[in-house]
Amino acid sequence: DKRSSFYKNEVAVCLKDCFPQPLDECFLYVFIIREVSSGKLYQTLNDEGPHTMIGILLKNQISYWKMPKFSLYIKNGDGNEKETELLVSVQPVPGLDPYPSEDLEVFKSCHQSIFSDVLKIIPPCLVSDFNHSEKSYLVVPVTIKRLE
């Protein structure tokens, strides 16, 4: 069974060799996901209060303003075949303090859990080598109190 792909399976240059190091400057970018029909945030469908989102933590700054917004389509799962359109954009989180190694270890565990337990992309028994991997970034949960 040969699988075909309609895109190149490559790692973006800006995501190579960018694993955050303890007590060094790092950059956090969150993925803002909104419902197109209502404009509300998809995670909570509520524009008041804190929002839990997914972010990417890097040691390098990326040109997030060059990243286009893109749409995702999901089914509601309620038996109705109607799709919901979501619009995804990337936004930086300013003013981060450097993280100690203990925090980075927690972030590594969370990253591993996202890809093995939630998305089921990486087998749980596989250990990631963040410092020597071609893709060396952290995907982390982020709580944002207010969006600009």
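These questions and answers go through a predicted model of a protein chain.

Local features need pLDDT of at least 70, side-chain atom pairs count only at pLDDT 80 or more, and totals for chains, interfaces and linings use all residues. Residues are numbered from 1 along each chain as its sequence is written, and side-chain values use heavy atoms, with hydrogens and water left out.

Reader: In what order do the elements of the protein chain run from the N terminus on?
Author: Helices (H or I, at least four residues) and strands (E, at least two) are DSSP runs, numbered from the N terminus. The protein chain has five strands and one helix. Their order is β-β-β-β-α-β.

Reader: What percentage of the 148 residues in the protein chain is buried?
Author: Buried means under 20% relative accessible area, exposed over 50%, and partly exposed in between, with a 1.4 Å probe and protein chains only. Of the 148 residues, the buried share is 29%.

Reader: Which residue forms a salt bridge with E105?
Author: A salt bridge is a side-chain nitrogen of Lys or Arg within 4 Å of a carboxyl oxygen of Asp or Glu. The structure holds one. Its closest N and O atoms are 3.1 Å apart, and the partner of E105 is K108.

Reader: How far apart in helix α1 are E105 and K108, in helical turns?
Author: Helix α1 covers residues 101–118. E105 and K108 are three residues apart there, so the separation is about one helical turn.

Reader: Is K108 buried or exposed?
Author: E105 is partly exposed, at 45% relative accessible area. K108 has 19% relative accessibility, so K108 counts as buried.
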